[in-house]
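Let's take a walk through this model together, with the viewer open. We will look at charged pairs and then at a pair of helices.

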Amino acid sequence: MPLPLKTGYHFNFDRTVRPSYYEMSSAEAYTDFYGISFMISGERLIYSPNFTTIVQAGEIVFIPKNIYRRTTYISNKPYERILLKFTDSMISDLIKVIGQKTFDDLCKEHVIRLTPSTQKKVLGILTEMEQEWKHYNEYSELLLKGLLNKLIIICLRERVLVKDNDINLEKKHTYLLEAIQYIKTHLRDNPSLNETAESIHISPSYLSKLFVNQLHTPYSVFVRNEKLLHAQKLLAETRLSITEIAAEAGFASNAYFSDCFKRMEGISPLQFRKAAGKLTP
């Protein structure tokens, strides 16, 4: 996948305001760059092949490289967020001080809760970044690098890790997270609605309503999309054959997998792999 930054740039700043029912149509690939997302208002459900969680206003998410992720709404609240994308070169000096493992562990925390005072600090840094980004010149990358390092250090010093049992969720959201996690764990077996509902001890009809009402996506469509998301990861990161990937992602046949992939992504699995920089086995 090509780096979604301007040629010659190692950083990107984006502030977005979305309506309450906005959802990403497909997963976004973080390949050779990192991300930091700060939620200003609203709440979002984030899911990827590796984790599923909910991020709320005032929280920040560190996004590692080599991951596919998608977000969707879980409430009727409009949301606003700031998203930074950056390459290794933007944090190279920082890594020399704190070590790669420390930064990687920060990314693994996924959701970081900030105290009100820390939120103000973070928002102040992000606002300064935005102004520099709007008036970008030959000095801007150096200044943005310093601000980015300052932001990361503040989060490292003052973070409060959000654990699943610390998140104040409605029961329906807890069921939804548990269902999604079950689906991810059992994709190869093509988990049915009944199987997933039984695993989290609710009725199939109620689970079906949760997917439609909370994600505006029927259960079967969600499972298919998760299969395609997992297949994208395998295409980009492994040398498994297309047939092997179809089986690993829970598709009944190679032909059905290729047809679904092309209809959803607009290109074949082989074309996707080539764009991701992986040669076929």
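Is Arg81 buried or exposed? This is a predicted model, and in it Arg81 is buried, with a relative accessible area of 13%. The cut-off for that label is under 20%. Arg81 has a charged partner: it forms a salt bridge with Asp14, and the closest N and O atoms are 2.8 Å apart. Because Arg81 sits in strand S8 (residues 79–86) and Asp14 in strand S1 (residues 11–18), the pair ties together parts that are 67 residues apart in sequence. Asp14 itself is partly exposed, at a relative accessible area of 29%.

Now turn to Glu59 and Arg113, whose side chains also meet in a salt bridge, at 3.6 Å from N to O. Here Glu59 belongs to strand S6 (residues 59–63) and Arg113 to strand S9 (residues 112–113), so this bridge ties together parts that are 54 residues apart in sequence. Glu59 is buried, with a relative accessible area of 4%, whereas Arg113 counts as partly exposed at 27% relative accessibility.

For a pair within one helix, look at Arg263 and Asp259. They form a salt bridge whose closest N and O atoms are 3.1 Å apart. The two are four residues apart in helix H10 (residues 254–265), which means that about one helical turn separates them. Arg263 counts as exposed, at 53% relative accessibility, and Asp259 as partly exposed, at 39%.

How many salt bridges does a search of the whole structure find? The search gives 13. Salt bridges can also be linked: Arg15, Glu80 and Glu130 are joined in a network of them.

Let's finish with the helices. Helix H3 (residues 116–134) packs with helix H4 (residues 140–158) at an angle of about 170°, and their axes are 10 Å apart. Angles over 145 degrees count as roughly antiparallel, so H3 is roughly antiparallel to H4. Their crossing is left-handed. On the H3 side, the residues making the contact include Val122, Ile125, Leu126, Met129 and Trp133; on the H4 side, Leu144, Leu147, Leu151 and Ile154 are among them. Charged residues take part too, including Lys121 and Glu128 of H3 and Lys150 of H4. By class, the contact of H3 with H4 has 12 nonpolar, two polar and five charged residues.

How values were computed
Residues numbered from 1 in each chain as written. Predicted model: local features only at pLDDT ≥ 70, side-chain atom pairs only at ≥ 80, totals over all residues. Heavy atoms only, no water. Axes fitted to C-alpha atoms, helices over the stretch in contact; angles between N-to-C directions. Parallel < 35°, antiparallel > 145°, perpendicular 65-115°, else oblique. Left-handed = near helix turned anticlockwise from the far one by under 90°. Contact = heavy atoms within 4.5 Å. Salt bridge = Lys/Arg side-chain N within 4 Å of Asp/Glu carboxyl O. Buried < 20%, exposed > 50% of the residue type's maximum accessible area, 1.4 Å probe, protein only.
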